[in-house]
Amino acid sequence: MSKTDINRIGLVCEGGGQRIVHTAGILDFFLENNLLFPYVIGVSAGASNSLSYVSRQVGRNRTVDIDFAKDRRYSSIGNFLRDGSVFGMEFLFDEIPNHLVPFDYETYFKSSSEHVIGATNCKTGKTEYFYKKNITRDSLMDITIASCSLPFMGKIKRINGKNYLDGGISDPIPIRKAIEDGYENNVVLLTQNYDYKKKPFKNFNLLKKFFKGYEGIEDIMRNRHEIYNATLDYLKELEEDGKVFIFRPQDLLQVGRTTKDTKKLERLYNQGYSIAKEKIDILMKWINEG
């Protein structure tokens, strides 16, 4: 396809822990077919996976999220006891990108695609968005860590004097931000089934213990299910109006946020790849006629 066909379309990536391998399969198919969106926004695992899409590294997410899944340095209780995070952030965002599965920083920063990463400000409970055009090589992985730092499973990340947690808390599917940034039509990659609805958070005693003094996090966690479900309703309206093209898992295949079973992860990755392949003609028609 020509650049002029796609230069008004955004790409929105939800998080979801290890469910993100479904998105990884879709993104690899997009790269293999030179489907390059000019604007990419992601939160949590959607932010980390979209890094390799913007750097044009086919298969990198598959290697990181599947081949390393059983490595204790990737995720383990030992990580949590030692560092306060189930996921080994130093391993994931230093050892892997800088040594084991090198991240192509040069291509990423030279890419014509804008990349936006959302993280939640612990004080305000609001999402702050970091744009590639304003990010440096030295700060990129720290910002991504902030976007991926799950409450109760990770620790607060401090950047430029501010404390951050997972971007998916405050803006789980950043479709409104994409529209605000000028992209009225968007491809949206979800990591939950069609009929999924988020349930209210119930353990407020744990919330107060972990985040005492961070009223913003307490408030957003209380309302998180309402924000998520309202966003799903909004996406449904946009889909009916032809403004979004949505990909979502047909079957999560027993893959959860911290799944280590590489066979299950491989199947979900393949499902995402296959769905993208099956829908490519419909997607191209939507892009060119929308």
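**Note on helix packing and the nonpolar cores**

1. The crossing of helices H2 and H13 is right-handed. This description rests on a predicted model. The two axes lie 7 Å apart, and the packing angle is about 45°. H2 spans residues 21–32, while H13 covers residues 262–289. Angles under 35 degrees count as roughly parallel and 65 to 115 as roughly perpendicular; H2 and H13 are therefore oblique to each other.

2. On the H2 side, the contact with H13 is made by Val21, His22, Ala24, Gly25, Ile26, Asp28, Phe29, Phe30 and Glu32. H13 contributes Leu265, Leu268, Tyr269, Gln271, Gly272, Tyr273, Ile275, Ala276, Lys277, Ile280 and Leu283. Sorted by class, the residues in this contact are 13 nonpolar, four polar and three charged.

3. H2 also packs on helix H3 (residues 45–54), with an angle of about 15° and axes 10 Å apart. Because angles under 35 degrees count as roughly parallel, H2 and H3 are assigned to that class. The crossing of H2 with H3 is right-handed. Ala24, Leu27, Phe30 and Leu31 of H2 meet Asn49, Ser50, Ser52 and Tyr53 of H3. This contact has five nonpolar and three polar residues, and no charged ones.

4. The largest nonpolar core holds 53 residues. Within this core, Leu11, Phe30, Phe37, Val187, Phe247 and Leu283 touch the most other members. Phe30 belongs to the H2 side and Leu283 to the H13 side of the contact described above. The largest share of the core, seven residues, comes from H13.

5. Which residues does Phe37 contact, leaving aside its neighbours within four places in sequence? They are Ile6, Ile9, Gly10, Leu11, Phe30, Tyr53, Ser113, Val187 and Ile287. Of these partners, Leu11, Phe30 and Val187 are also listed among the core residues that touch the most other members. Tyr53 also takes part in the contact of H2 with H3.

6. Ser113 lies in the loop between helix H7 (105–110) and strand E3 (114–121). Is Ser113 buried or exposed? Its relative accessibility is 1%, and since buried means under 20%, Ser113 counts as buried. Beyond neighbours within four places in sequence, Ser113 is in contact with Phe37, Pro38, Val54, Arg56 and Lys132. The C-alpha atoms of Ser113 and Ser55 are 9.4 Å apart, although 58 residues separate the two in sequence.

How values were computed. Residues are numbered from 1 along each chain as its sequence is written. This is a predicted model: local features need pLDDT of at least 70, side-chain atom pairs count only at pLDDT 80 or more; totals for chains, interfaces and linings use all residues. Side-chain values use heavy atoms; hydrogens and water are left out. A nonpolar core is a set of buried Ala, Val, Leu, Ile, Met, Phe, Trp, Tyr and Cys residues joined through side-chain atoms within 4.5 Å. Buried means under 20% relative accessible area, exposed over 50%, partly exposed in between (1.4 Å probe, protein chains only). Helices (H or I, at least four residues) and strands (E, at least two) are DSSP runs, numbered from the N terminus. Contact means heavy atoms within 4.5 Å. Axes are lines fitted to C-alpha atoms, for helices over the stretch in contact, and angles run from 0 to 180 degrees between N-to-C directions. Angles under 35 degrees count as roughly parallel, over 145 as roughly antiparallel, 65 to 115 as roughly perpendicular and the rest as oblique. A crossing is left-handed if the near helix is turned anticlockwise from the far one by less than a right angle, and right-handed if clockwise. Ala, Val, Leu, Ile, Met, Phe, Trp, Tyr, Cys and Pro count as nonpolar, Asp, Glu, Lys and Arg as charged, and the others, Gly among them, as polar.
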